[in-house]
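These are my notebook entries on one protein model. I set down what I looked up, one topic at a time.

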Amino acid sequence: IAARIDVEGAEVVDKIVKTFIASKIDSLVAQNPFATRPSTEDLRNNVTAGLDAILSGGNPEESLRPLERAQSPPVLCGKAFRTGEPVYQCCDCGADATCVMCSTCFQQSVHRSHRYKFHSSGGNGFCDCGDVEAWKRDPWCDAHRPKEEDDGKECLVSLPPTIEKRARALFRVCMRYAVNVLT
């Protein structure tokens with residue numbers, strides 16, 4: 001599939017990726033027809049892994065490794081919350097009530113000395129540490145704070161042209177697919 005993205009036009013890519021996503025979701029539903037929806041883990045293992053393979057040309061571990069090294073440590077935590085896991089909401093700095101940090105990030109942030117709320121996760125959502133849109137100020141904990149000289153462009157510059165081309169095509173198709181499914 002990745003080779004076809006490199007060579008063929010947007011319509012063909014659109015059809016290939018839509019067919020791929022639909023087939024993966026259909027196979028997950030067929031495996032457990034009584035579930036109201038596929039589990040997050042099943043979606044991650046089946047759909048996301050396939051999209052990673054398309055993006056990377058079939059070998060995500062090798063192709064995407066330079067990108068991981070370029071952003072070490074990552075500026076976004078993004079930890080997925082499990083049911084019952086503690087989450088922290090800064091009442092002073094959060095953009096809204098849904099902006100939360102995992103325990104590890106919260107303990108390493110300035111928010112621990114602010115007014116905050118603590119509650120148990122319902123099993124959905126992600127840590128917003130590093131998401132500048134989620135915080136009025138101080139979006140990072142000490143572990144995810146970007147280096148002062150890092151303006152974020154270094155990672156974009158090091159993106160190989162073939163992956164950039166695949167990413168643009170793949171993201172465009174995925175966004176169109178999501179809009180079509182949700183509307």
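**Entry 1**

I began by noting that the model is a predicted one. I then looked up how the strands are arranged. Three strands make up an open sheet, and their order is β2-β1-β3. The pairing in this sheet is antiparallel. I next asked which strands lie at the edges. They are β2, residues 101–102, and β3, and each of them pairs on one side only.

I followed the pairing of β1, which covers residues 83–90, with β2. Two bridges join these strands in the antiparallel sense. For Val 87 I looked up the bridge partner in β2, and I found Cys 102.

**Entry 2: the aromatic rings**

I searched the whole structure for aromatic pairs and recorded four. One of them joins Tyr 88 and Phe 118, with ring centres 5.3 Å apart and an angle of 50° between the planes. I noted this pair as tilted, because stacked planes are under 30 degrees apart and edge-to-face planes over 60. Tyr 88 belongs to strand β1 and Phe 118 to strand β3, so the pair links parts of the chain that are 30 residues apart.

Is Tyr 88 buried or exposed? I found a relative accessible area of 11% for Tyr 88, which means that this residue is buried, since the limit for that word is under 20%. I also recorded a cluster, in which ring pairs connect Tyr 88, Phe 106, Tyr 116 and Phe 118.

**Entry 3: Asp 128**

I turned to the loop between β3 and α6, where Asp 128 has its place. Asp 128 has a relative accessibility of 15% and therefore counts as buried. I looked up what Asp 128 touches beyond four places in sequence, and I listed Thr 98, Cys 99, Val 100, Ala 134, Trp 135 and Pro 139. Asp 128 and Cys 102 are 26 residues apart in sequence, and their C-alpha atoms are 8.1 Å apart in space.

**Entry 4: Asp 138**

I found Asp 138 in the loop between β3 (116–122) and α6 (153–157). What is the phi of Asp 138? I read a value near 50°, which is positive although the residue is not glycine. I marked this because most residues other than glycine have a negative phi. Finally, I noted that Asp 138 is partly exposed, at a relative accessible area of 30%.

Key. Residues are numbered from 1 along each chain as its sequence is written. This is a predicted model: local features need pLDDT of at least 70, side-chain atom pairs count only at pLDDT 80 or more; totals for chains, interfaces and linings use all residues. Side-chain values use heavy atoms; hydrogens and water are left out. Helices (H or I, at least four residues) and strands (E, at least two) are DSSP runs, numbered from the N terminus. Buried means under 20% relative accessible area, exposed over 50%, partly exposed in between (1.4 Å probe, protein chains only). Contact means heavy atoms within 4.5 Å. Two strands pair if DSSP finds at least two bridges between them. Rings of Phe, Tyr and Trp (its six-membered ring) pair if their centres lie within 6.5 Å; planes under 30 degrees apart count as stacked, over 60 as edge-to-face and the rest as tilted.
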